[in-house]
Amino acid sequence: MIAAMEPIKHLALETYNITLNRELSINEWAQERLAFGEPLWLFLSDRLEPNNIFNFFIPLSGIVSQEILLHLLSVLTLVSTLNSFEKWIYPEIRPMWFLREQFANKKLTVKPTVALLSHQLSCETSGGLPCAHSMIFTVFVLILAAHVFIRLWDRFIAWHSPWYRCVMYPVIIGLVVSMWLSRLYLATEFLHQCILGSYFGIRAVNAFEANIKYLFSRPRAYAVPAVCFLGAFAGSVYFIKLHFDMDPHWSVRQAFKWCPEPTYMRHEASPIFALVRDLGNLMGLALASPLFDLEVKESTFWRRCRVLGTLEFVNYGLRVATVKQYGRFAFLSYEFSRNVFHSLALVKYVPNFY
């Protein structure tokens with residue numbers, strides 16, 4: 001049986017490598033033809049990365065409405081957790097790693113004819129599939145667009161025209177495709193990783209919206225053990241990989257191996273950090289459960305600015321003061337606690353000051 005599977009395995013691996021080699025040409029095309037938009041591509045990948053969305057854009061949405069903040073934080077936390085677990089369980093190779101592995105492979109007689117330029121933002125330390133930027137940004141844009149459209153629909157009769165809806169769809173698609181091009185230009189992802197990232201994000205949103213009443217009605221006694229179970233599952237994956245002689249830190253080692261400058265790598269992009277961040281945000285939501293019972297107070301615009309600004313100033317200070325010199329366990333524990341505090345304060349305690 002095992003011998004019969006070998007030709008199928010060889011065919012699948014060969015097909016996969018051919019696909020990646022062809023997709024490298026798309027990355028090369030993006031770098032050659034889209035260089036004029038480099039400031040935009042750098043802005044999208046740097047300023048709109050997942051960490052910035054959680055630490056800046058989601059709190060910023062609370063100035064407009066606590067309902068939008070709660071919706072964004074809950075959905076994006078679940079989507080980001082799904083993304084982090086996929087990369088933790090089975091990280092896929094990135095374009096720059098694949099290209100340089102091909103050139104370093106002495107057994108490979110035919111070398112790729114593609115040349116890619118490495119940028120500072122190209123030194124990612126997690127796997128490529130699904131693209132976290134595409135997945136989280138797609139969900140962020142969809143939810144934000146839905147809230148904006150509903151508010152304009154309620155306030156202006158002119159927005160009842162189907163013309164505005166037809167305009168909104170190309171705008172959303174254009175923003176998402178721009179993020180794809182940004183990742184392709186920086187050679188951080190293959191095209192299929194970007195497309196699947198957005199697709200998985202959309203499917204996750206659909207599943208969330210279909211079960212929102214159930215999820216928001218879960219009591220704390222149910223939600224907290226569920227998050228603890230996810231943490232235990234993440235830990236078990238680590239030891240299972242060690243048992244089967246698989247490197248749990250494979251993606252980080254690939255980044256160290258092929259990044260031209262080690263200082264370009266960011267600890268907040270590592271798969272373990274992403275898992276700790278997402279589980280921390282989930283734990284904050286779990287401690288605030290049931291989310292349906294959270295009080296939503298009306299307040300003035302400037303009061304919301306002051307309260308949220310104070311919280312984010314404190315959160316920024318905590319981020320800057322992250323303990324990195326006391327070992328990995330202390331660092332991850334600190335980041336987990338900070339994210340628990342941040343998400344819990346955003347959804348439960350901040351509204352009390354409005």
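I looked up L78 first: its relative accessibility is 36%, so L78 counts as partly exposed. The cut-offs I needed are under 20% for buried and over 50% for exposed, with partly exposed in between. I note that the model I am reading is a predicted one.

L78 sits in helix α4.

Next I went to the inside. Which residues of the largest nonpolar core touch the most other members? I found I58, L76 and V347, in a core of 34 residues. Two or more residues each come from α3, α4, α6, α8 (191-210), α13 and α14. Helix α4 gives the most to this core, with eight residues. I then listed the contacts of L76, leaving out residues up to four places away in sequence. L76 touches I53, F54, I58, I136, V139 and F140. There is also a second, separate core of 20 residues, and L48, F137, W180 and C194 are among them.

I turned to helix α14, which runs over residues 328-349 and has 22 residues. From first C-alpha to last, α14 reaches 30 Å, close to the 32 Å expected at 1.5 Å a residue. Its buried residues include F331, L332, E335, R338 and V347. Where do the buried residues of α14 pack? They pack against α3 (50-61), α4 (66-89), α12 (271-287) and α13 (301-320).

Last, the charged pairs. Side chains of opposite charge can pair when their charged atoms come close. I have a count of eight salt bridges. In one of them, E124 pairs with R183, with the closest N and O atoms 3.0 Å apart. This pair links distant parts of the chain, 59 residues apart. E124 lies in the loop between α5 (95-104) and α6 (132-155), while R183 belongs to helix α7 (residues 162-185). Are E124 and R183 buried or exposed? I read both as buried.

R253 and D247 form another salt bridge, at 2.5 Å from N to O. D247 counts as partly exposed because its relative accessibility is 30%. The side chains of R277 and D278 also meet in a salt bridge, at 3.0 Å from N to O, and both residues are buried.

Notes. Residues numbered from 1 in each chain as written. Predicted model: local features only at pLDDT ≥ 70, side-chain atom pairs only at ≥ 80, totals over all residues. Heavy atoms only, no water. Helix = DSSP H or I, 4+ residues; strand = E, 2+ residues; numbered from the N terminus. Expected span 1.5 Å × (residues − 1). Buried < 20%, exposed > 50% of the residue type's maximum accessible area, 1.4 Å probe, protein only. Contact = heavy atoms within 4.5 Å. Salt bridge = Lys/Arg side-chain N within 4 Å of Asp/Glu carboxyl O. Core = buried A, V, L, I, M, F, W, Y, C linked by side-chain atoms within 4.5 Å.
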